[in-house]
Amino acid sequence: MHTGSFLSKMFVTGLGLTMAALALVGCSENKAAPSSGGSTASSGSKTKIAFIVKQPEEPWFQLEWKFAGEAAKDLGFDLITIAATDGDQVLPKIENAAAQGAQGLIICTPDVKLGPAIVAKCKERNLKLLTVDDQLVGPDGKFLDVPHVGISAHKIGNTVGQALMEEMKKRGWKPEETAMMVVTYEQLDTARERTDGAIESAEAGGFPKDKIFKAPEKTTDIPGSRDAASVVLTQNQKVKNWLIASMNDTGVMGAVRATESFNIPADRVIAIGINGDSALEDLKKPTPTGLFGSILLQAKRHGYETCKMMYDWITKGQEPPKITYTDGILITRENYIKVLDEQGLPH
Ligand code: FCA
């Protein structure tokens, strides 16, 4: 059944979830106690893993937590899910996880520059550390030597650029009537690599460099990308057709909403996101919007596999690989149901 599924609920009851996410932020942590593994009252001896994310309102992170919860159930550990939505919250929340007895931390931090402080805090509190999605950086801008699970950002960006070119050619759009808008967030490496990859492939496909406009977003939410896109649209009102790329679905969704408020017809827009989360909202609408597709990422690997790595590290002393890259698949109106089914994802 489609309607009862996790993702459908997530999209249909967006407000409820946002409230739930806010409640989560408010009370700072939420313990998902798995039922397997025996001990209840004397859970002191049970392995405890904390999973901190930067944007609990984004469906991507909700999916990561959902799969982490499945790992907790299957492997029999306690999972502590914690939201840290800005830099100031990170260290106190780690402290909090340690005080609750966590032995390991999986984190997608709101600020990767906190890398050295996060590493120091985990060392001080004897927490094993694994990063997911966003890699920690040091003062020199180089990645820190912490095990990491992330997407092959540049390659996935390339896939976006190639798919945009293909669809543009299919529609027979003239290059002189077309521009590309790239909603960027370049201070975050994984974001910059994705948008650079999209631009690189568009150029390799013959798209003129001077028709590519970057729209730097100040915040990585819908209002942030919408505002950034509106500036570019205001400055380029003569453009007939728009290609749109960004670091994730949220980035392109804000831009698509902006094209709508500029009264640009939906069939004059081709937007392709990354994540395969909020883009589903548009793919499900009976009338196509400018949102053409998204690169579906492997949330299960980011939520379940990271937990398994951490669990094996804590319980067997098996260190995770230094780096694990995951990839993605293009989903569109035509194939998303089939692909989500194949991936064992709800829709
Ligand atoms: C970053 C983005 C998320 C998701 C993840 C894999 O953390 O903010 O939306 O794309 O990488």
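Colleague: How far is a polar side-chain atom of E58 from an oxygen atom of the ligand?

Modeller: This is a predicted model, in which local features need pLDDT of at least 70 and side-chain atom pairs count only at pLDDT 80 or more, while totals for chains, interfaces and linings use all residues. Residues are numbered from 1 along each chain as its sequence is written, and side-chain values use heavy atoms, with hydrogens and water left out. Counting as a polar contact a pair of N or O atoms within 3.5 Å (within protein, one must be able to donate a hydrogen and the other to accept it, and residues adjacent in sequence count only if both atoms are side-chain atoms), the separation for E58 and a ligand oxygen atom is 2.6 Å.

Colleague: How much of the area that the ligand exposes when taken alone does the protein bury?

Modeller: A polar side-chain atom of R194 lies 2.8 Å from an oxygen atom of the ligand, and for the side chain of N275 an N or O atom is 2.6 Å from a ligand oxygen atom. By the Shrake-Rupley method with a 1.4 Å probe (for residues, only the protein chains shown count as cover), the ligand alone exposes 290 Å², and the protein buries 100% of that.

Colleague: Is C108 buried or exposed?

Modeller: C108 is among the residues around the ligand, a residue being near a molecule or strand if one of its heavy atoms lies within 4 Å of it. Buried means under 20% relative accessible area, exposed over 50%, and partly exposed in between (1.4 Å probe, protein chains only). The relative accessible area of C108 is 0%, so C108 is buried.

Colleague: How far apart are the end C-alpha atoms of helix 3?

Modeller: Helices (H or I, at least four residues) and strands (E, at least two) are DSSP runs, numbered from the N terminus. The expected span of a helix is 1.5 Å times one less than its number of residues. Because helix 3 (residues 59–75) has 17 residues, it should span 24 Å, and this agrees with the separation of its end C-alpha atoms, 24 Å.
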